[in-house]
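I opened this entry to record what I looked up in the chain. The notes follow the order in which I checked things.

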Amino acid sequence: MYHKPVLKNRRTLLERAEKFISDIYFTDCNLRGRLYGDSHPLESLGSFMSSKRITFSEAQTQSFSPYKLGDSFGPTWWTCWFKAALKVPVSWTGKEVHLLWDSDGEAMVWRDGQPVQGLTKEGEKTSYVLSDCLTEEETHRLDIYVELACNGLFGAGQGSMIAAPDANRTFTVRKAELVVLNRDVRELLTDFDMLIDIVKVQSFFFETKASQKAKCKQFTFLSFFFLKELGESEQRSFQALFTVNEMVNVSNPADPNSFDKARALAHKFFSQRNGQSQHTAHAMGHCHIDSAWLWPYEETIRKCGRSWVTAIRLMEKNPEFVFTCSQAQQFEWVKSWYPGLFSEIQRYVKTGQFVPVGGTWVEMDGNLPSGESMVRQFLQGQRYFEQEFGKRCKEFWLPDTFGYSAQLPQIMQGCGISNFLTQKLSWNLVNTFPHSTFFWEGLDGSKVLTHFPPGNSYEMKGKVEDLVKTVQQNKDKGRANHSAVLFGFGDGGGGPTQLMLDRLRRVQDTDGLPKVHMSSPDKLFSQLWADSHLLCTWTGELFLELHNGTYTTQAQIKRGNRQCETLLHDVEMASSLAMCRDPTFQYPVVKLQELWRLLLLNQFHDVIPGSCIEMVVEDALRYYEDIKRAGAALLQDGLGGLMSKGEATGVFNSLPWERLEVLQIQDGHSKHDLALVRVPSIGVAPVQHTKPATPVCVAVQADGSVLMENGIVRAVVNKDGTLTSLCLISGNREAIPDGCGGNQFVMFDDVPLYWDAWDVMDYHLQTRKPVVEVLRSAHVLSSHELRGSVGFTLRISDESTVTQEIVMDSMCPYIKFNTQVDWAESHKFLKVEFPVRVRSPNATYEIQFGHLQRPTHRNTSWDWAKFEVWGHKWADLSEHNFGVALLNDCKYGYSVHKNTMTLSLLRAPKAPDANADMGTHNFTYAIMPHTGSFQDAAVIQCAYNLNYPLRLASCSPETAPWSAFSISPSSVILETVKQAEDKKGALVVRMYEAHGGGVTATLRMMLPVKEAWHCNLLEQIDTTKPAHVTEDGITLDFSPFQVRSLLLVVNA
């Protein structure tokens, strides 16, 4: 009798199984070659090209020319529409019929005038199911349309994914035919696929850990226990290996009757259950779609349509399938472009299968938007989700952004959100973040439950490797036994596939793997909260140790963002006051929402950071211009309603403190003149010239340097534009060290490891080169008792120059540097340095609604990783009783090492935008020495003044100074005044404590306030907490960095 040999060679058995399901090797006789049965050609296939993204209604009226498979079309960003006439053979009745479509690009199938499925080879979607089981009653003849975008899931990079797009790429359709899918083959292939993965993945983890252990000199008991645990996993790997080998033995690809025996073997393996203590993976369908990145905004709309309609089809066939989806802007796009699909989404939201998450307008950058912008992200997002789906989000969903502000926990809590999911810190280049599930405590002490999926991905594929990583990389073993597994193609869209669902269904409860539950964010976080008593707490910012270059790349976008944030702040302020003073004034609700949504869109995490292609940059800059144009008109309307008409010139101050500043005034004869004007807090005043206490003095000295003085500060400008002296006159305190020069421009080589627009590496600091070539030495531009200025020009390189006007104003504690750079560099980084006479282990940086400290030393790897950091309008370096602040009007990148303060100005990456930052740039920064702390020296107020200009408008000569609001003490800043979203005529006033200490503040109002209520950031009032209005105003208690909002009902 013949006895079948028992083979134990891992390699041969594994490769045998792999070849049995290979789509490359032995397809003439293996199982994969039997996936499709009969095939049938299309009756006809026609096409036409469009340079624009047109609607289906427009496309179907076009003239289609015959298309031959293999023919090329294009170029990049065009659209090729196909019309396919199909005739399904009658003999296929009872069979599963697919349209097999193999092409470049991204495609959408249209049937009966509606989008029905996305197709993309990169996203493993190459067939459209015409019928799961063809019946005689179904139509056997039909026309379908395929809308094919001439770009891939990740754009059209030339040579690499993140390279600038290849504008002339061509595309082709290689296969378009009707086929019969053999469902039994598909199911058996999935069994093989998962078992082979178990063999490979668990063997890999065992061999990797064992190899690491062999390198260690000490063998501890813990190490022994760990290897024992892995040894048991390896046993499971061998069980899978011998199971899959036996399945090959019993399977005959030519005989479907043999498949049942093979599937029974697989079922036996998968049915061996876990113990109760096994980790639970909460599987959720996911499709991260960048609102713009390597493709333009408009293409994202179609990506959403293709991805989401495919998810809907999966829901129809898999009632347990749950799909999570963020970004209200994308829902609004789909509602506008695909109304039928949007209705289907609304229906599945009600069933709990389609789950809107995140609560924001877009998945914004976590560093650069202002505090108010972050509030508006949630305000617009949460209101949209409630309006369209009847519910608000309970979790903030931001898996792919480049760091997370320490004020986000407070903002989340103020918007009704207590849970947070992300994973980007797994990208840290230097230090490994120590937690997967933890409490994140923000700047004010607010806490949110935070989860980083341990698999370190938001686009898993339902593979065994994903599940094993989820368990192995969980940094909170013993404290958290539940984790998210987000599966589906992402970044460029695509989303989940049926194959991913089938894989996960196989291993719902299989010994050796975590339990897999099709779940939802609500279920996941409910489990995490239930077991949260042992979780650790991380306090402060979540700083990503990578992508530091995004604080500087695409400077025009950064400038547009800051200017538009400022403008909309002023429009809302002026319009709110005008509404209260002029009964006929109509607050521009609709237009302001439109402008805010444009601004919020540009704060997407690949737009404001500058990590996008040139087409996106052009769109973003155009949106900023639209905001500026419309916003300027709204501002003039508001000022017109605020001030009585006349021939005199009035000034509007949108900030909550009195300002005394030099302004350039234009009289009736078009002559420009300077005036020192005083304007009350959040109010108006006519221009009335004020005599300066000390006139500005500008004088050329014998050595060619220029002395500038205004009674507060005294500076000496060297011929090359550097400051050899900066003295605070009141304390006779010199800020510049001997032998050093402030305002020193420096250049660095800037070649990262890969992510060009994203990264600046630590080694760039070793390539520092001062800019020293003088084209025009420092000379006096103006000398006036109110303003003096000095100009100079330097050559940066053969292609680039910097021209600067150093400005000193009367009564101003800082010196401004109005800068113009003509920039034509490649992989260079321009910064400006100010060495100062200050010694401190920490520097302070403004962030949203507050500030935080970061080290000026590099003691640890955590310190060193912060060689380039982000901040907003100011940074300060102070010792006891003296410090220096660096202010700016549109920059975000800083570095303070030891006693040198550095502001990052311009980069020159070449991918994904080959022309990033090329051209002329204008920006302003300022240096401010001070005594005492930066809080007492009003550094915060000065930075606001630099960014929020006094606004001029015509007024009556009889106009008297008027202030609507003031607040004391100065540690509390009144940030925003706007009309309430749901109560016409009521105002929302937002304030925050800026110094970092508890305080009782008084808000004074010159408006007829009838009643006042505390409200959250979504403007929901707390009916149990009225704010008591007295003759002195409203008294409020603030804890450090607390943000508080009031809703004021004003008498008409």
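In what order do the nine strands of the open sheet stand, and with what pairing? I am working from a predicted model. I read the order as S33-S34-S35-S36-S45-S42-S41-S38-S39, and the pairing is antiparallel. I then looked at the edges: strand S33 (773-783) and strand S39 (850-855) each have a single partner strand, so one side of each lacks a neighbour in the sheet.

For Ser783 I noted Gly788 in S34 as the bridge partner. As background, I note that strands of a sheet pair through backbone hydrogen bonds, either parallel or antiparallel.

**Helix on the sheet**

Which strands does helix H18 (residues 939-947) lie across? I listed strand S36 (815-823), strand S38 (842-847), strand S41 (874-879), strand S42 (882-888) and strand S45 (919-931). To S42 the helix runs at about 20°. I checked the cover of H18 next and found nine of its nine residues buried. The buried residues include Val939, Ile940, Cys942 and Leu946, and also Gln941, Asn945 and Asn947.

**Strand S43 and its partners**

I turned to strand S43 (residues 893-897), where four of the five residues are buried. S43 pairs in the antiparallel sense with strand S40 (residues 869-870) over two bridges, and Val869 stands opposite Tyr894 in S43. S43 also pairs with S44, again in the antiparallel sense, over four bridges; here I found Ser895 opposite Thr902 in S44. The hairpin of S43 and S44 has two residues between the strands, and in this hairpin Lys898 takes a positive phi near 55°.

**Backbone exceptions**

Most residues other than glycine have a negative phi, and most peptide bonds are trans. I therefore listed the exceptions to this rule.

Asp112 has a positive phi near 55° and is not a glycine. I placed Asp112 in the loop between strand S7 (106-111) and strand S8 (114-119). Is Asp112 buried or exposed? Its relative accessibility is 72%, so I put Asp112 down as exposed.

Gln327 also has a positive phi, of about 75°, without being a glycine. I found Gln327 in the loop between strand S13 (323-326) and helix H7 (328-337). Gln327 counts as buried because its relative accessibility is 1%, and the cut-off for buried is under 20%.

Which residues does a cis peptide bond join, with omega about 5°? These are Ala911 and Pro912, and I placed Pro912 in the loop between strand S44 (900-907) and S45. A cis bond also joins Ser968 and Pro969, with omega about 0°. Pro969 lies in the loop between strand S48 (965-968) and strand S49 (972-979).

**Nonpolar surface patch**

Last, I looked at the surface. Leu429, Val430, Leu753, Tyr754 and Tyr763 form a nonpolar patch there, and together they have about 490 Å² of accessible area. I picked out Leu753, which sits in the loop between strand S31 (744-749) and strand S32 (769-770). Leu753 has 64% relative accessibility and so counts as exposed.

Methods: Residues numbered from 1 in each chain as written. Predicted model: local features only at pLDDT ≥ 70, side-chain atom pairs only at ≥ 80, totals over all residues. Heavy atoms only, no water. Pairing = 2+ DSSP bridges. Contact = heavy atoms within 4.5 Å. Axes fitted to C-alpha atoms, helices over the stretch in contact; angles between N-to-C directions. Patch = residues over 30% accessible without salt bridge, like charges linked within 9 Å, V, L, I, M, F, W, Y side chains within 5 Å. Areas by Shrake-Rupley, 256 points an atom, 1.4 Å probe, with all protein chains shown as cover. Salt bridge = Lys/Arg side-chain N within 4 Å of Asp/Glu carboxyl O. Buried < 20%, exposed > 50% of the residue type's maximum accessible area, 1.4 Å probe, protein only.
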